[in-house]
Amino acid sequence: MIEVQGVAKQFAAARGGWRLRRAAPVQAVREVSFQAADGRITGLLGPNGAGKTTTLRMLAGLMTPDAGTLTVEGVDVARDPQAAQARMGVLSDARGLYPRLTARENIVYHGRLHGMAREAANARAESLAQMLEMAPLLDRRTEGFSQGERMKTALARALVHDPRHIVLDEPTNGLDVVATRALRDTLRWLRSPEGGEKCIVFSTHIMQEVERLCDEVVVVSHGRTVAHGTVDELLAQTGERDFEQAFVKLAFPEVTS
Ligand SMILES: Nc1ncnc2c1ncn2[C@@H]1O[C@H](COP(=O)(O)OP(=O)(O)OP(=O)(O)O)[C@@H](O)[C@H]1O
């Protein structure tokens with residue numbers, strides 16, 4: 001279970017050009033709260049700039065919140081980032097692969113960072129490659145990989161230590177329809193009892209992604225959680241039949257009221 005309670009994050013924004021005056025700080029996240037249960041796929045849905053990536057970076061322990069708490073299986077991410085990271089697989093927006101290493105080396109290296117023995121990490125890389133249909137890629141250097149190949153490698157790397165919690169930032173970005181379907185199938189399997197009933201959180205601004213995949217939806221707008229529920233609950237709450245219309249009502253009340 002992942003719990004995010006009242007998190008906030010501000011960035012100091014520097015003004016560019018020859019005028020080195022200070023610009024107003026950016027309040028990227030104002031008050032985001034949600035719970036994500038095991039065996040469920042929870043989607044963080046919001047427009048561009050809503051604060052999704054910043055929230056997931058705080059959850060991954062890559063930056064500390066100014067306020068609020070984030071816990072993974074009860075472990076406070078800010079207090080004990082290593083223990084929280086051991087329980088989490090993170091696919092960040094920047095896939096961040098080492099281009100000179102092969103896909104296998106990228107995956108095994110990550111497993112080693114999580115304390116796995118080389119043989120165990122290698123065996124896991126092989127089984128993940130089968131599951132993600134990327135076996136032919138395993139021994140190629142990742143330099144020059146396509147978006148889809150990069151995503152699969154990064155996902156295998158995130159899953160190498162068999163984490164109970166999986167956090168993905170816009171995982172379908174740049175993927176074609178076949179790769180997107182394969183990713184959806186993988187996430188559904190990871191949610192199932194056979195796949196280990198993982199707790200899966202992912203961010204997106206794609207409505208169809210949420211309708212097809214999510215058990216729970218957290219709508220984030222202007223740095224705040226503005227709604228949380230199943231797709232059907234959000235439709236009922238807004239009195240809409242079309243989810244895109246419901247989302248616009250929830251995320252941009254100033255436009256629709
Ligand atoms: N390092 C940073 N420095 C300054 N401002 C930042 C920084 N990171 C994010 N922001 C700002 O914080 C706000 C929220 O950004 P964030 O990337 O979290 O949104 P998002 O919901 O993921 O958007 P998108 O869907 O476009 O990726 C934006 O206005 C962004 O410009």
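The axes of helices α3 and α4 come within 9 Å of each other and cross at roughly 130°. (Axes here are lines fitted to C-alpha atoms, for helices over the stretch in contact, and angles run from 0 to 180 degrees between N-to-C directions.) That makes α3 and α4 oblique to each other; angles under 35 degrees count as roughly parallel, over 145 as roughly antiparallel, 65 to 115 as roughly perpendicular and the rest as oblique. The α3 and α4 crossing is right-handed. (A crossing is left-handed if the near helix is turned anticlockwise from the far one by less than a right angle, and right-handed if clockwise.) On the α3 side, the contact is made by Arg-104, Ile-107, Val-108, Gly-111 and Arg-112, and on the α4 side by Arg-118, Ala-121, Asn-122, Arg-124, Ala-125 and Leu-128. Two residues are in contact if their C-beta atoms, placed from the backbone, lie within 7 Å. Sorted by class, the contact of α3 with α4 has 5 nonpolar, 2 polar and 4 charged residues. For these classes, Ala, Val, Leu, Ile, Met, Phe, Trp, Tyr, Cys and Pro count as nonpolar, Asp, Glu, Lys and Arg as charged, and the others, Gly among them, as polar.

A word on the model itself. It is a predicted one, so local features need pLDDT of at least 70 and side-chain atom pairs count only at pLDDT 80 or more, while totals for chains, interfaces and linings use all residues. Residues are numbered from 1 along each chain as its sequence is written.

Helix α3 (residues 103-113) also packs with helix α5 (residues 147-159), at an angle of about 25° and with the axes 8 Å apart. α3 and α5 are therefore roughly parallel to each other, and their crossing is right-handed. Here the contact is made by Ala-103, Asn-106, Ile-107 and His-110 of α3, together with Thr-153, Ala-156 and Arg-157 of α5. By class, that contact of α3 with α5 has 3 nonpolar, 3 polar and 1 charged residues.

Leu-159 sits in helix α5. Leu-159 is buried, with 24 other C-beta atoms within 10 Å. (A residue is buried if 20 or more other C-beta atoms lie within 10 Å of its own, exposed if 12 or fewer, and partly exposed in between; C-beta atoms are placed from the backbone.) Leaving aside residues up to four places away in sequence, Leu-159 touches Gly-89 and Leu-128. The C-alpha atoms of Leu-159 and Arg-124 are separated by 9.0 Å, and these two residues are 35 residues apart along the chain.

α8 passes α9 in a left-handed crossing. The residues making this contact are Val-231, Leu-234, Leu-235 and Thr-238 of α8, plus Phe-243, Ala-246, Lys-249 and Leu-250 of α9. By class, the contact of α8 with α9 has 6 nonpolar, 1 polar and 1 charged residues.

Now for a few single residues. Gly-68 is found in strand β4 (residues 67-72) and is partly exposed, with 18 other C-beta atoms within 10 Å. Not counting residues up to four places away in sequence, Gly-68 touches Gln-5, Gly-6, Val-7 and Ala-8. Gly-68 and Arg-30 are 38 residues apart along the chain, and their C-alpha atoms are separated by 10.0 Å.

Glu-133 has a positive phi of about 50° although it is not a glycine. Its place is in the loop between α4 (118-131) and α5, and Glu-133 counts as partly exposed, with 14 C-beta neighbours inside 10 Å. His-222 has a positive phi too, near 45°, and is likewise a residue other than glycine. His-222 is found in the loop between β9 (216-221) and β10 (224-229), and is partly exposed, with 16 other C-beta atoms within 10 Å.

Finally, the whole chain. The protein chain has 10 helices and 10 strands; helices (H or I, at least four residues) and strands (E, at least two) are DSSP runs, numbered from the N terminus. The radius of gyration is 19 Å, close to the 18 Å that the globule rule gives for 257 residues, so the protein chain is as compact as a globular protein of that length. (The radius of gyration is taken over C-alpha atoms, and the globule rule is 2.2 Å times the number of residues to the power 0.38.) Along its principal axes, the C-alpha trace spans about 55 × 50 × 35 Å. Of the 257 residues, 40% count as buried.
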